[in-house]
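Student: Please take a close look at one part of this model, and place it in its chain before going into detail. Give the cut-off behind each term as it comes up.

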There are 2 protein chains.
Amino acid sequence: MPTPIDFYFDFSSPYGYLASRRIDALAAAHGREVNWRPILLGVAFKATGAAPLPQLPLKGPYSMRDFLRSARFHGIPYRQPTTFPVSTIAAARAFYWLQARDRAKAVEFARALYNAYFTEDLDLSKPENVIQVAARFGVDAAELGAALNDPAVKEKTKTEVDAAVARGVFGSPYIVVDGEPFWGMDRLDQIERWLEKGPF
Amino acid sequence: MPTPIDFYFDFSSPYGYLASRRIDALAAAHGREVNWRPILLGVAFKATGAAPLPQLPLKGPYSMRDFLRSARFHGIPYRQPTTFPVSTIAAARAFYWLQARDRAKAVEFARALYNAYFTEDLDLSKPENVIQVAARFGVDAAELGAALNDPAVKEKTKTEVDAAVARGVFGSPYIVVDGEPFWGMDRLDQIERWLEKGPF
C-alpha cells in the first residue's frame with residue numbers, strides 16, 4: 001500500500017481551499033489516501049518572517065485578484081470572505097478533536113469548514129461558527145464547546161502545528177508525497193506527474 | 001492587431017528564466033508578440049519588503065529544490081548558478097541599450113544572457129561577462145563597455161524599472177496580457193486560457 005499524501009493547509013488560505021477541492025480525487029486516481037493536516041499559518045510565518053498576502057504592498061492587491069481568477073480558472077465556487085485572513089485556531093482544534101473520534105468525519109468537517117468560509121462567508125475565527133458547522137455533522141455543541149477549551153486538545157493542535165513547521169511547512173497548501181514537498185495549488189500538476197511516474 | 005504581451009523579468013530569476021523559454025511560443029500560437037522588459041527585483045523588493053528566496057528560512061531550501069524540479073518538469077535545461085542571486089543591473093542596461101538599436105537582436109541577447117546564467121554558470125553581475133555574451137551577437141566590446149557607464153543608458157534602465165514597479169510589478173516573471181497581470185511561471189496555464197478564450 002503506498003503511503004498517504006500529507007496535505008497541510010490553513011483554513012483561512014484561499015489556495016489551500018482550492019487545493020482541498022482537488023487533492024482527494026487526484027490522490028484516489030493513483031490509489032493514494034490523503035492525510036488532512038490543518039496548520040496555523042501565523043505560526044509558520046513567525047519562522048519565515050512572512051506576512052499575510054493582503055498586507056503586502058503590490059502583492060496584496062494582486063493576490064486578491066488572483067484568488068478570484070484562480071477559482072474561476074479551476075471552476076471552483078469562491079466568495080472572498082469579508083474578514084480575511086482570520087485566525088483559524090478554533091477550526092484546527094475542532095478538527096483534531098473530531099479526528100481522534102472519527103477520521104473520515106473529520107475530513108468531511110474540514111471540507112464543510114472550508115466551504116463555510118469561502119462560499120458562505122462564515123467567519124471561522126469565531127468558535128460559535130465552527131460549532132455551528134460541526135452541528136451539521138451531528139456533533140454536540142456543548143461537547144465541542146468544552147473541547148475547544150480542553151488543554152489536551154490545545155496541546156494536540158500545538159504539537160501538530162509545531163511538528164509541521166519543524167518538518168519545513170511554511171505555506172498553505174503544502175503537500176508531501178513520498179517525502180517530496182510541494183508548495184502551492186500550482187504544484188498539483190507536478191504532484192500528478194509524481195503519482196503517475198514516480199520521482200522526476 | 002492584438003496588443004503585445006508585456007513580459008517582465010529579472011535576469012537572475014529562475015522562474016523568469018523558465019518562463020522565458022515558453023512565453024514566445026505561447027504568444028505566437030495566439031498571434032501575439034512579446035515585449036521583453038527586464039527589471040531589477042531588488043528595486044521591486046524595496047516596494048514590497050520582500051527578500052530573495054534563498055535567504056528565507058524554510059522557504060529558501062524549498063525554493064532551491066523547486067527550481068531544479070520545475071526545470072525538469074518542464075523539460076528545460078537548468079544548472080543552479082554558483083553565485084545566486086546576483087545584481088543584474090549590467091545585463092538590464094546592456095539590454096535596453098541594444099534594444100534601442102535592434103529590438104529583435106535584444107531579445108536574442110536576453111535569451112543568451114539567461115542561458116549563460118542558468119546553463120553556463122556565467123556570473124551576470126560582472127559587466128565583462130555581459131559584454132562577452134553580447135560579443136556573440138557582434139556587439140563591439142568597447143562600445144558596450146562605454147554604454148554601461150553612459151548616464152543616458154543608466155537613466156533609461158532606471159525609468160523602465162521604476163515604471164514597472166509603479167505599474168504593480170513585484171516579482172519575476174510578471175506578465176501582463178490586455179492589462180491583466182499574471183505573476184509566476186505557474187500562471188502560463190491561465191495566460192493560455194486568456195489568449196484562447198479571452199477574459200475569464
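Tutor: In chain A, the mean positions of the 24 positive and 23 negative charges lie 4 Å apart. Lys and Arg count as positive and Asp and Glu as negative, while His and the chain ends are not counted; each charge is placed at NZ of Lys, CZ of Arg, CG of Asp or CD of Glu. This is a predicted model, in which local features need pLDDT of at least 70 and side-chain atom pairs count only at pLDDT 80 or more, while totals for chains, interfaces and linings use all residues, and side-chain values use heavy atoms, without hydrogens and water. Residues are numbered from 1 along each chain as its sequence is written, with chains lettered from A and ligands numbered from 1 in the order in which they are written.

Chain A holds ten helices and four strands; helices (H or I, at least four residues) and strands (E, at least two) are DSSP runs numbered from the N terminus. Their order from the N terminus is β-α-α-β-α-α-α-α-α-α-α-β-β-α. Chain A has a radius of gyration of 16 Å, close to the 16 Å of the globule rule for 200 residues, so it is as compact as a globular protein of that length. That radius is taken over C-alpha atoms, and the rule is 2.2 Å times the number of residues to the power 0.38. The C-alpha trace of chain A spans about 50 × 45 × 35 Å along its principal axes.

Of the 200 residues in chain A, 55% are buried, where buried means under 20% relative accessible area, exposed over 50% and partly exposed in between (1.4 Å probe, protein chains only). The accessible surface of chain A is about 8500 Å², and carbon and sulfur atoms account for 54% of it; areas come from the Shrake-Rupley method with a 1.4 Å probe, and for residues only the protein chains shown count as cover. Among chain A contacts (heavy atoms within 4.5 Å) between residues at least 6 apart in sequence, 70% link residues at least 24 apart.

An α-helix has 3.6 residues a turn, so residues three or four places apart point the same way.

The loop between helix 4 (59-74) and helix 5 of chain A contains A:Pro85. The peptide bond that runs from A:Phe84 to A:Pro85 is cis, with omega near -15°.

A:Asp178 is not a glycine, yet its phi is positive, near 50°.
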